[in-house]
Amino acid sequence: MSNASVSRKQLILEIDGKRKLTCDLKRHLSPRTVGTIMRSLPLEGNSHLLGKSIVYFETSVDSGIERARSEFKKGDVAFLPSTGSFCFFVGNVESAKKMTPIGKFTDDENVLKNVKSGDVIRLYEETT
């Protein structure tokens, strides 16, 4: 069975070159933003923590807000256009900032609870 899909792109989130998670970017959630992200891969940055519920890293991806939301559930992936940040939710959050929903984790996102500030995070499409 192929992972190739027009509406869903499976990506690898690698933490410090050791731990790997898979997450799906879903084009139907925010088509313009997901397209911009896919053209920008691979991406890399240092992790930051926002409380115990959000792990994020900043990038140079430039995309405006699309289908803005402020409530996210554990396992969601969102994009914060003001800083070009990818946000990974390890808990349910009602954010003060509006973000663009872009996907979900397909693996156990609890691995992200062990991420420390400054860890290197890479986001890329696995090639076979």
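**The core and its surroundings**

Tutor: The largest nonpolar core has 25 residues, and of these Phe-86 and Leu-112 touch the most other members. A nonpolar core is a set of buried Ala, Val, Leu, Ile, Met, Phe, Trp, Tyr and Cys residues joined through side-chain atoms within 4.5 Å. Buried means under 20% relative accessible area, exposed over 50%, and partly exposed in between (1.4 Å probe, protein chains only). At least two residues of this core come from each of strand E1 (8-15), E2, helix H1 (31-40), E4, E6, strand E7 (85-89), E8 and strand E9 (120-124). Helices (H or I, at least four residues) and strands (E, at least two) are DSSP runs, numbered from the N terminus. Apart from this core lies another, of 8 residues, including Cys-87, Phe-89, Val-93 and Met-99.

This is a predicted model, in which local features need pLDDT of at least 70 and side-chain atom pairs count only at pLDDT 80 or more, while totals for chains, interfaces and linings use all residues. Residues are numbered from 1 along each chain as its sequence is written, and side-chain values use heavy atoms, with hydrogens and water left out.

Beyond its neighbours within four places in sequence, Leu-112 is in contact (heavy atoms within 4.5 Å) with Leu-13, Ile-15, Leu-21, Val-55, Phe-88, Val-90 and Phe-105.

Thr-59 lies in the loop between strand E4 (54-58) and strand E5 (69-72). Thr-59 counts as buried because its relative accessibility is 16%. A polar atom of the Thr-59 side chain lies 2.6 Å from the backbone oxygen of Gly-84, and the side chain also reaches the backbone nitrogen of Val-61 at 3.1 Å.

Now to strand E8 (residues 93-105), where Ser-95 has its place. With 15% relative accessibility, Ser-95 counts as buried. A polar atom of its side chain lies 2.9 Å from the backbone oxygen of Lys-97.

E8 also pairs with other strands; two strands pair if DSSP finds at least two bridges between them. Strand E2 (residues 19-26) and E8 are antiparallel over 3 bridges, and Asp-24 has Lys-104 as its bridge partner in E8. E5 also pairs with E8 in the antiparallel sense, over 3 bridges, with Phe-72 opposite Val-93. Strand E6 (residues 76-80) runs antiparallel to E8 and is joined to E8 by 4 bridges; there, Val-77 is partnered by Gly-103.

Notes. A polar contact is a pair of N or O atoms within 3.5 Å; within protein, one must be able to donate a hydrogen and the other to accept it, and residues adjacent in sequence count only if both atoms are side-chain atoms.
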